[in-house]
Amino acid sequence: MYFLLKPILFQFDPEKVHYFVTRNLKRFNRFPGGAALSRAIWDVNNPRLEREVFGLKFKNPVGLAAGFDKNAELMGEMANLGFGFVEIGTVTPLPQPGNDKLRMFRLPADAALINRMGFNNFGVDVAAERLATFRKNAKGAQKDLIIGGNIGKNKVTANEDAVSDYIKCFDRLFDVVDYFVVNVSSPNTPGLRELQEKEPLMNLLNTLQQRNSKNGISRPILLKIAPDLTDSQLDDIVDIVQQTKIAGLIATNTTISRADLSSPDSLKNEMGGLSGKPLTKRSTEVISYIHKKSNGSFPIIGVGGIHSAEDAIEKLNAGAALVQLYTGFIYEGPGLIGRINKSLLNQNFQN
């Protein structure tokens, strides 16, 4: 069905289509029997798919990457489509509109997207309240849904004050998420990637780790990194993870590279982060490099250019413990989640 609808949906502005589709997905799940039908069609429920990573038990290793559900609106609907975990955000302390529209572009010739959304979100308070409501009302398998909170800084916050923004998000979401992702790798907030340098990053992660305990409970903290880092920068990242003792990494965010694209210049020269198939190889290279450099001493969530079960398995074989979808989910539809999980079952894959 998705492949019948996709040519129509792709005629319209990507951001508008996103909200159109998600609104109707929520309506479908509220309709009597809609949620159950969604699970019956899409969800692959098998204990052999379960994974335990950084102390959390995941129903399956296929998650929704941050950026799709910025404001914590779709956790239940995404779980009903078969995702094993959902990462909300990126959220910032204060609401912000993001960059001027138009700010998302499809590159069909490359099965890719360019976005320069700019952390548009309703603010951390809204996300925290919605997550608390979801947790309170969740039933059945949704009670055990793993939810990650991807946190960032407001655009107007100077880099020297960025730590306070991350602390605010961390403290506000602590009781309602299962793990945190520190996003310093988006190319769409001016100066943000400068926080990936060793000294500011060590300071940020150490500060969060010092706060990472409440009533004897701590949350796994992960760092999301860019695919554009050099090997020496990746060496620094491995060293930082090991020194700060955070739980692991997410590799990778979108890229600023435009190498080897088939799309016309009018599209590929749009500013923003590129995601989708052009990122498949580089993302896997980063996963493999980090896994080998660290001797597998911490988990990696692999994301970037997963458009098939083979792409997902390649990342798992490269050293990823879990994978996430975004652009591949848009291009391939919800059936991709099930195809990955069924392929893992057919191969009896155990990472």
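**Entry on alanine 72.** I began with alanine 72, which lies in the loop between strand S3 (62-64) and helix H4 (75-80). I note here that the structure I am reading is a predicted model. I looked up the backbone and found that phi of alanine 72 is near 55°, a positive value in a residue other than glycine. I wrote this down because most residues other than glycine have a negative phi.

**Entry on asparagine 215.** I went on to asparagine 215, where phi is likewise positive, near 55°, in a residue other than glycine. Asparagine 215 sits in the loop between helix H7 (198-210) and strand S9 (221-225). With a relative accessibility of 77% for asparagine 215, and with exposed meaning over 50%, I put this residue down as exposed.

**Entry on cis bonds.** Next I turned to the peptide bonds, keeping in mind that most peptide bonds are trans. Which residues are joined by a cis peptide bond with omega about 15°? I found that alanine 251 and threonine 252 are joined in this way, and that threonine 252 has its place in the loop between strand S10 (248-251) and helix H9 (265-268). I also found a cis bond from glycine 89 to threonine 90, with omega near 15°, and here threonine 90 belongs to strand S4 (residues 85-91).

**Entry on helix H1.** I then looked at helix H1 (residues 2-9), in which Tyr2, Lys6 and Leu9 are buried. Seen down the axis of H1, these buried residues fall within an arc of 70°, so they line one face of the helix. I reminded myself that an α-helix has 3.6 residues a turn, so residues three or four places apart point the same way. The face of H1 turned away from the buried side carries Leu4 and Ile8, which are exposed. What do the buried residues of H1 pack against? I found three elements as their partners, namely helix H2 (14-30), strand S5 (104-107) and helix H12 (327-332).

**Entry on the cores.** The largest nonpolar core has 105 residues, and the ones that touch the most other members are Phe54, Met78, Tyr166, Leu173, Leu223 and Ile225. Helix H6 (residues 162-173) gives the most to this core, with seven residues. Apart from this core lies another, of six residues, among them Phe105, Leu107, Leu261 and Leu274. I picked out methionine 78 and, leaving aside the neighbours within four places in sequence, listed Leu25, Leu64, Phe68, Phe83, Val86 and Phe329 as residues in contact with methionine 78.

**Entry on packed helices.** Two packed helices are described by the angle between their axes and the distance between the axes. For helix H10 (residues 280-293) and helix H11 (residues 309-318), I found an angle of about 20°, with the axes 8 Å apart. Angles under 35 degrees count as roughly parallel, and that makes H10 roughly parallel to H11. The contact between them is made by Thr280, Ser283, Thr284, Ile287, Ser288 and His291 of H10 and by Asp311, Glu314, Lys315 and Ala318 of H11. I recorded the crossing of H10 and H11 as right-handed.

I then looked up helix H5 (residues 124-137) and H6, whose axes come within 9 Å and cross at roughly 15°, which makes H5 roughly parallel to H6. On the H5 side the contact involves residues including Val124, Ala128 and Leu131, and on the H6 side Cys169, Arg172 and Leu173. The crossing of H5 past H6 is right-handed.

Valine 126 lies in helix H5 and, at 26% relative accessibility, counts as partly exposed. Valine 126 and leucine 94 are 32 residues apart in sequence, and their C-alpha atoms are 9.7 Å apart in space. How many residues separate proline 108 and tyrosine 331 in sequence? The separation is 223 residues, while C-alpha to C-alpha the two are 8.8 Å apart. Proline 108 is found in the loop between S5 and strand S6 (112-115), and I noted proline 108 as exposed, with a relative accessible area of 53%.

Definitions and conventions: Residues are numbered from 1 along each chain as its sequence is written. This is a predicted model: local features need pLDDT of at least 70, side-chain atom pairs count only at pLDDT 80 or more; totals for chains, interfaces and linings use all residues. Side-chain values use heavy atoms; hydrogens and water are left out. Buried means under 20% relative accessible area, exposed over 50%, partly exposed in between (1.4 Å probe, protein chains only). Helices (H or I, at least four residues) and strands (E, at least two) are DSSP runs, numbered from the N terminus. The arc is that of the directions from the helix axis to the C-beta atoms. Contact means heavy atoms within 4.5 Å. A nonpolar core is a set of buried Ala, Val, Leu, Ile, Met, Phe, Trp, Tyr and Cys residues joined through side-chain atoms within 4.5 Å. Axes are lines fitted to C-alpha atoms, for helices over the stretch in contact, and angles run from 0 to 180 degrees between N-to-C directions. Angles under 35 degrees count as roughly parallel, over 145 as roughly antiparallel, 65 to 115 as roughly perpendicular and the rest as oblique. A crossing is left-handed if the near helix is turned anticlockwise from the far one by less than a right angle, and right-handed if clockwise.
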